[in-house]
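The sequence and the structure come before them.

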Amino acid sequence: MGPIDPRPLLRDSASRAGAGVVRAGGYPGRRCDVMWARASARPIVVSATPRQLYLQRLGDGSFHRTYTVAAPLAHAVTPDMLCDALTAVVASHDALRVRIRVQGTARFQEVTDNVEVTVTRSAVAEGELAAHLRKLADTQIPFTEPPLRCVLVEPAQGPRILCLSVACSLADLAALEVLLDDLRAALAGLPLPIPETGWAEFSREAAEHHLFADERQERRAYAGPPMTSRVLAVPEAGGEMEELTFLLPRDVLAGLEHHWNLQVILTGLLAVVLARSGSHDEVATGVAVSNRDHPGWRRLVGSVEAVVPVAVSLRPGTTFSDVLTEVESQLNSPDCGEESDLDSPGVEETRLARRCTSLVRVLEHTCRLADDSPVGAARRVTAAPWPYDFVLDIGSEPRADLTGTLAYAPDRYSGSYAALLRDRLKVLAEAACRAPDGLVSDLPIMTADEADLLRTFAGADGKPADLRRLHEIILDRADREPHRTAVLDATGSLTYGALATRARHIAGRLRRRGAGPDVVVGICASRSTDLVAGMLGILEAGAAYLPLDPSVPAERTGRLLTSTRTVVVLADPAGLAALAQSSAGTVVLDLEALPLAATSSYPVEPTPRPGQTDLAYVIFTSGSTGQPKAVGVPHCGIVNRLVWMQDRYRLTPEDVVLQKTPITFDVSVWELFWPLMVGAALVMEAPGAHRDPEAMAATIRRHGVTVVHFVPSMLAFFIEELAISECPTLRHVICSGEALPVDTVNQFCRLSDAEIHNLYGPTEASVDVTHWTCERVEPGPTVPIGRPIANTITVVLDPLGRPTPLGAPGELHLGGAGLARGYLGRPDLTAERFVSDPTGLTTAGRLYRTGDLARWLPSGALEYLGRNDHQIKFHGVRIEPREIEVALKADPAVAESVVVLRSDVGVTPTLVGYVVGHSGTEPDPAALRTGMTKLLPAALIPSVVVVLDRLPINANGKLDRSALPLP
């Protein structure tokens, strides 16, 4: 069965009118629906191509998804005339007479000689035209009804609009252009050309020759590592794809069009923008190949289009010309357009569709419409109903500017971000045309407005609001309110006055021992009032305190003391016992044996050349060289951090802060000193109780604690034990040290009225540099790490040291008042991580490379994405696996070692060590773990050690961590 000659239908309008059917609906006094029907012969069944079946499955059950276009209709065209013309068009194209019959799990495409046309008239109130057209486009067509739906929209103002929807499995966008051309000809009284090939004949040919069904292209595109265009996903709303208009002056591409066609150029542009926007060096995009140059298919109304996956690799040194040449080569392959496209069914094809998340389509228009055309230029109302993140549809006319749309998936991307991508396409197009042989990595894609926005997001450098040193702020507060309770522990308390007196006495003793600016004094003690007095005394002496853990192996403690040239150590009984085994030879003072502050005095000599740039404390972090690194933080950095915290969270003298973090971690710094700066009370949790939810909850209830810190994993445990619901006095819960899960936030907010805050920062930048106050229900897939604190610069840079576009991953760099001096005694490591500032945003001209991956969200907040190396966070502890690997290799039986954090071993993440023994030896896992207790803190010792014959190696000869076996 082929096309029906439409000419008798056009001549016999009277018979059409006699057979017309008027349906009720619409609005009073108007003829609403006109339907023409022709008697049916027995239908024929046509096999569907795999692509047609796939497109049919996009709908809801037994409904077609549609392409929909809207075009202005000339005033002279009446509904009857429109119905006549559409009847002729439907008669000409058998694809418009297809019905889908569903029988069980099978579907049959039946072509009939029925010519059914319904023109529905619809009135639209002022201001509702766009929404009405969108609603029509979103309405699917049942399989049992004609695949062409025609609605004559009559708005309150302006010309009438013809809205045509066609089943996407039976006609593509180029077919809609043919349909509209035939409709214009029919309305003008011109004879309609009979297509060279009918849809049924095309379908048979496609099935016989396996067109749109060959798997060679699928295998070729799927080979190798995944190449996706993952870019920033910020959901805006659910539903169908939204569209933005796209306009690009033709002269922008003039230089490129001398060498490549428009389809190649646009594909290259979109691939580069998506790759740069997602910081990827490989990306795959789909390219719609019209196939209209195939013999007999030029004017076929049918789904002829194929989608070809094009993989683009942006290796170092790749120019834009290289990209276009690579795209052209793939599109010009002999089988391009005849093999299976991205949307064929099957497991393999579904995987491929996930890889190609964008689509480029160019529709060539060979002539312009006459001004008196009965149907004006059509615009598409909806994007392709396909599973893409972005669809770039461009209409091309000779010597005319490029116009079209960039469609996006609103359930994954915001409209503002899609607009940003559209603008990047234009910026890149202009730059690439000027320098087609320029490196892709050097071509700009950001607009000036986007660059300005990122500079605003980065924060502002400046000096702290308070220029005093840390202890000066606290002691000034103590002198004003000496009778307020300052510190409490399990055995007693100190008032502010007693604390200040005791600290000053300790400072005098320390100065006699050589303490002063930039001199390191250790303190090795458990949580107590003596610990606080000792720390404050070290600061008052002008020195920097070095916190030491009594439970750490003596050999390690000795190395820490030696590397920092510590002159003296304050210690409680537990610290004294630990230091007695150390070989460092450092002077040790018994903290508890010092005379009580209330009954003694000691002369306090003035601190020489005091200043805010003096070191306040030194804290060790895990080292990538196998040895821990000593980070020196000045007073200006920590004072800036604490002054910001007070300005942000407004602690009052009535607040109570719980100090529970081990003093060797920098979170303890704000726990200890922030409340003392404002006259609040500081409660010292009992040693070891920070691991016990019930004990912590009891302390919080007993003292009415209002502010507490949790590592996210411990907070989740605290919530699971329902301890959080037993702490009604809490006002602020501060989280840091690990990524904060959305589920943890939402569970917390269901059980507590306290605010929960997500803070981020490395030890090298005075504890925290960004902040985020969580919503009661966090809407996104992750909790942001937020915005920079006061006088802090946060920038996300690519490997070449340039700001990454909004939403693109990069390495987070930090600058400003909070930056540490560097690593004490390690100028090489300091130079490696503290680098010159290429952005010019910092006053000091230096940035700290965090090694953390992050990206800017449109809100101006940062999202943490992980690491660019093998460093891990375990229970809030920052761990360089290399340090543990060196400890494992200290055993003479071990030749090679590697340490990973596995989440697939137990309920919680587990540190696992893998070792290979020397030839003829078999390392003993138990002995290895025992030996490491003499070298490492307990938190760094793997729970499991696995002995292997050899470590797995990938194709590049490097260690393949993903291939390490389960313990």
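1. How many salt bridges does the structure hold? The structure holds 35 of them, a salt bridge being a side-chain nitrogen of Lys or Arg within 4 Å of a carboxyl oxygen of Asp or Glu. The model is predicted, with local features requiring pLDDT of at least 70 and side-chain atom pairs counted only at pLDDT 80 or more, while totals for chains, interfaces and linings use all residues. Residues are numbered from 1 along each chain as its sequence is written, and side-chain values use heavy atoms, with hydrogens and water left out.

2. Asp393 forms a salt bridge with Arg361, their closest N and O atoms being 2.7 Å apart. Since Asp393 lies in strand E17 (residues 390-396) and Arg361 in strand E15 (residues 358-364), the pair ties together parts that are 32 residues apart in sequence; strands here are DSSP runs of at least two residues (E), and helices runs of at least four (H or I), numbered from the N terminus. Asp393 is buried at 5% relative accessibility, as is Arg361 at 1%, where buried means under 20% relative accessible area, exposed over 50% and partly exposed in between (1.4 Å probe, protein chains only).

3. In helix H14 (residues 448-457), Arg455 and Asp452 are three residues apart, about one helical turn, and their side chains meet in a salt bridge at 2.2 Å, N to O. Arg455 is partly exposed at 44% relative accessibility, and Asp452 is likewise partly exposed, at 38%.

4. Asp869 and Arg867 also meet through their side chains in a salt bridge (2.7 Å, N to O). Asp869 is partly exposed at 32% relative accessibility, whereas Arg867, at 18%, counts as buried.
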